Amino acid sequence: MKYSKITQIEKKLCEIENELIRNGIFLEKLKDIDYGVQILAKGTSVEGKVTIYYSEKKGLSVIENTKNDATKNFVACFNGQLFIPSAPKSKKFFAYIGSDEAGKGDFFGPLVTAGFFLEDENMQNDLKNMGVCDSKKLNDIKISEIAKKLHAKYKENIVIVRPSVEKYNDLYANFKNLNYLLGWQHATVFEEMRKKFPQAKTAIFDKFAEKRVVENFLKDNRDLKVEAAIHGEDSHIGIAAASVIARDCFVNRMKELSKGYGMNLPLGAGKIVTRAGKDFIKMHGKEKLNFVAKTHFKTMLELE
């Protein structure tokens, strides 16, 4: 079962899933409960919890635990009603640095953080025409195509921080916390971008922690306004551009590492990655993992 062990609830959620996705709402199961399930409804800028129950007497019912546009529209769709459009908001354009990372959940390969400075509305429209969006919605071929266009046309607006895997492991040993390491990388992106574009007043990163985690690592740019955006790749095209650039850089580096060590180093984590780790040790020795893998991952314990 994808969402619930209760057949009636599972059937209903699967029936409305595509309609929700078409309207920008994605579902994530939180937990099974007595007579029901708790679901997280994720919109483009907000998310909230809903609870669905089933009983033979009352049938299906839903409770909107969090009240926002995402949960409101989930309930409307669940009850067979039309989606309720949000009140239109006039947004005044402002320039900002957007940043995102790739490789955080991958045992093999580096942790890449990229930044993109979005200067004006013409650039924003150009990015839309290129097809820039959250990299998780694109396959790697499309990501490569868009990344090449971004590098060709907006090279100066791009900053990439990509420590080698060996350096990553040294940094993690120093920080002893992945969010702190990420905070340092995003802050480094912002500071490098500010050298090129001192007029940049705002930096927005796809939220992995509270903004102070990044602010604490700023040195020469304490006046920079830093913001953290939930699902930032959907709400800020500058972050989406950074996500495409970071993912493309990560995938290319994985190809280089695979070629250099004469074996396929798979993405992600899990059984396939564990098997690849054991094969790597047989070919190159365990000490060489420091050059290709994030050695603080629990995967290391499975390679004993």
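This passage describes the overall build of a predicted protein model and then turns to helix H3. Residues are numbered from 1 along each chain as its sequence is written. Because the model is predicted, local features need pLDDT of at least 70 and side-chain atom pairs count only at pLDDT 80 or more, while totals for chains, interfaces and linings use all residues, and side-chain values use heavy atoms, with hydrogens and water left out.

The protein has 10 helices and 9 strands (DSSP runs, H or I of at least four residues for helices and E of at least two for strands, numbered from the N terminus). Its C-alpha trace spans about 60 × 55 × 35 Å along the principal axes. Of the 304 residues, 47% count as buried, that is, under 20% relative accessible area with a 1.4 Å probe, protein chains only. Contacts (heavy atoms within 4.5 Å) between residues 24 or more positions apart make up 59% of those with a separation of 6 or more.

Helix H3 covers residues 121–130, and its buried residues are Met123, Asp126, Leu127 and Met130. These residues lie on the same side of H3 because they cover an arc of only 100° around the axis, taken from the directions from the helix axis to the C-beta atoms. Their packing partners are strand S6 (112–118), helix H4 (140–154) and helix H9 (237–260).

At its start, a side-chain oxygen of Asp120 comes to within 3.2 Å of the backbone nitrogen of Asn122. After H3 comes Gly131, with a positive phi near 95°.

Notes: Buried means under 20% relative accessible area, exposed over 50%, partly exposed in between (1.4 Å probe, protein chains only). A polar contact is a pair of N or O atoms within 3.5 Å; within protein, one must be able to donate a hydrogen and the other to accept it, and residues adjacent in sequence count only if both atoms are side-chain atoms.
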